[in-house]
Amino acid sequence: MALDRIKDLNQVYQHGNVVEWESPQGQRYRYERDRGAVGRELDAAKPQHEWYVLEKNDLTHAKRRVFDLINEDEF
């Protein structure tokens, strides 16, 4: 199931410079401001992520990238 709007992102965690979202299928995505990247969780048992560096390091661009990744993965 893909998302229609960015505001449909399900934010599940925020602390300091880290924000996490969960896709409708349960996949987790993480934005780390210090890293300037968005990560897709590879394995829920281990904290491993596939990282995507952002063009601009801010929450707005992070949300857009997570939204795009979810829609790519869910199709």
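Residues are numbered from 1 along each chain as its sequence is written, and side-chain values use heavy atoms, with hydrogens and water left out. In this predicted model, local features need pLDDT of at least 70 and side-chain atom pairs count only at pLDDT 80 or more, while totals for chains, interfaces and linings use all residues.

Visitor: Which residue in β2 is the bridge partner of H15?

Guide: Helices (H or I, at least four residues) and strands (E, at least two) are DSSP runs, numbered from the N terminus. Two strands pair if DSSP finds at least two bridges between them; β1 (residues 10-15) and β2 (residues 18-22) run antiparallel and are joined by five. The two strands form a hairpin with two residues between them. In β2, H15 is bridged to V18.

Visitor: Which residue in β3 is the bridge partner of V18?

Guide: β2 is also joined to β3 by five bridges, and these strands run antiparallel. They form a hairpin with five residues between them, and G26 in that turn has a positive phi of about 95°. The partner of V18 in β3 is E32.

Visitor: Is E32 buried or exposed?

Guide: Buried means under 20% relative accessible area, exposed over 50%, and partly exposed in between (1.4 Å probe, protein chains only). E32 is at 16% relative accessibility, so E32 counts as buried.

Visitor: With which side chain does the side chain of E32 make a polar contact?

Guide: A polar contact is a pair of N or O atoms within 3.5 Å; within protein, one must be able to donate a hydrogen and the other to accept it, and residues adjacent in sequence count only if both atoms are side-chain atoms. E32 is found in strand β3 (residues 28-32). At 2.7 Å, its side-chain partner is R30.

Visitor: How far is R35 from the ring centre of W51?

Guide: A charge sits over a ring if NZ of Lys or CZ of Arg is within 6 Å of the ring centre and within 35 degrees of the ring normal. R35 lies over the face of W51, and its distance from the ring centre is 4.0 Å.
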